[in-house]
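Take a look at the structure below.

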Amino acid sequence: MATAERHRTPNGFNVVPPPGWDVIPLRTGTREAMERIVRKAVAQLPAGFPKDDIPKARLKLTQEMKKVVRRASAKGGMTLYLPTEPLHGVALPVSIVASAPIEIPRVRPGSGPAAVLAALASVTSGAETRELDGIAALRSERDVPADADKGVDVAHRRVEYFVPVPHSDPDQYLSFSFSALIAPGSDPAFYDIFVELFDAVMGTFRWSYA
């Protein structure tokens, strides 16, 4: 972090998504981003794909994307990252959501974000501290079972990063949530690879001061 930026509050952030992923802003430009992604997906349909089925494919893609966008927006998401190109012919059932800064009161007057992260770590399973662009963040990982009563339709692996915004007043925090759907009977090692991918993405995290 540059010396001149050490005591400034950033006005944004940057992460580098993997190749074959797209970014959907959830505050403005959402519809345009979805339309662009659907057009690209339709253009990538196999050469022998029946022309009469293209409208149905476009509609299905649009509906699925709207569903994902609604879920991310309902959780305070401001940016959604999705794989939009198959990997070795397989569509990846994963996503990353960056959520808007939230304010959290300090544990005690003058305690700062470190005390907040420590308090959260004490009640969060699988929590550990990671450094992102010079700032200590809280990382947690767990498997979430399907539970229709809680609105969880499909089991998934969830990894979250909770990041203090430097020099914010009052204290603000960003969250980044990674989710990978777990197919019944699948090999856990398959999802470990996805988690490593997300951790690599978070390793590219940088604050923006522009």
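**Reading a helix, its end and some loops**

Q: Which residue just after α2 takes a positive phi?
A: This is a predicted model. Just after α2, the chain takes a positive phi of about 85°. The residue with that phi is G76.

Q: How far apart are the end C-alpha atoms of helix α2?
A: Helix α2 covers residues 54–74, which is 21 residues. At 1.5 Å a residue, the helix should span 30 Å. The distance in the model agrees: 30 Å.

Q: Within what arc do the buried residues of α2 fall, seen down its axis?
A: The buried residues of α2 are A57, M65, V69 and A72. They line one face of the helix, because they fall within a limited arc seen down the axis. An α-helix has 3.6 residues a turn, so residues three or four places apart point the same way. The arc for α2 is 95°.

Q: Which exposed residues does the face of α2 turned away from its buried side carry?
A: The buried side of α2 has its cover, which includes β2 (21–25), α1 (30–43), β3 (77–83) and β4 (94–103). Now turn to the face pointing away from that side. Its exposed residues are K56, K60, R70 and A74.

Q: Is D133 buried or exposed?
A: D133 lies in the loop between β5 (128–132) and β6 (135–144). Its phi is near 50°, a positive value in a residue other than glycine. Buried means under 20% relative accessible area. D133 has 18%, so D133 is buried.

Q: What is the relative accessible area of H167?
A: H167 is found in the loop between β7 and β8. Its phi is positive too, near 60°. H167 is partly exposed, with a relative accessible area of 43%.

Q: Which residue does a cis peptide bond join to P170?
A: P170 sits in the loop between β7 (156–164) and β8 (172–181). Most peptide bonds are trans. Here omega is about 0°, and the bond is cis. The residue joined to P170 is D169.

Q: How many helices and strands does the protein have?
A: Read the elements from the N terminus on: β-β-α-α-β-β-α-β-β-β-β-α-β. Count each kind of element. The secondary structure comes to four helices and nine strands.

Q: What share of the 210 residues in the protein is buried?
A: The C-alpha atoms fill a box of roughly 65 × 40 × 30 Å along the principal axes. The accessible surface comes to about 12,300 Å². Buried residues make up 38%.

Notes
Residues numbered from 1 in each chain as written. Predicted model: local features only at pLDDT ≥ 70, side-chain atom pairs only at ≥ 80, totals over all residues. Heavy atoms only, no water. Helix = DSSP H or I, 4+ residues; strand = E, 2+ residues; numbered from the N terminus. Expected span 1.5 Å × (residues − 1). Buried < 20%, exposed > 50% of the residue type's maximum accessible area, 1.4 Å probe, protein only. Arc of directions from axis to C-beta. Contact = heavy atoms within 4.5 Å. Areas by Shrake-Rupley, 256 points an atom, 1.4 Å probe, with all protein chains shown as cover.
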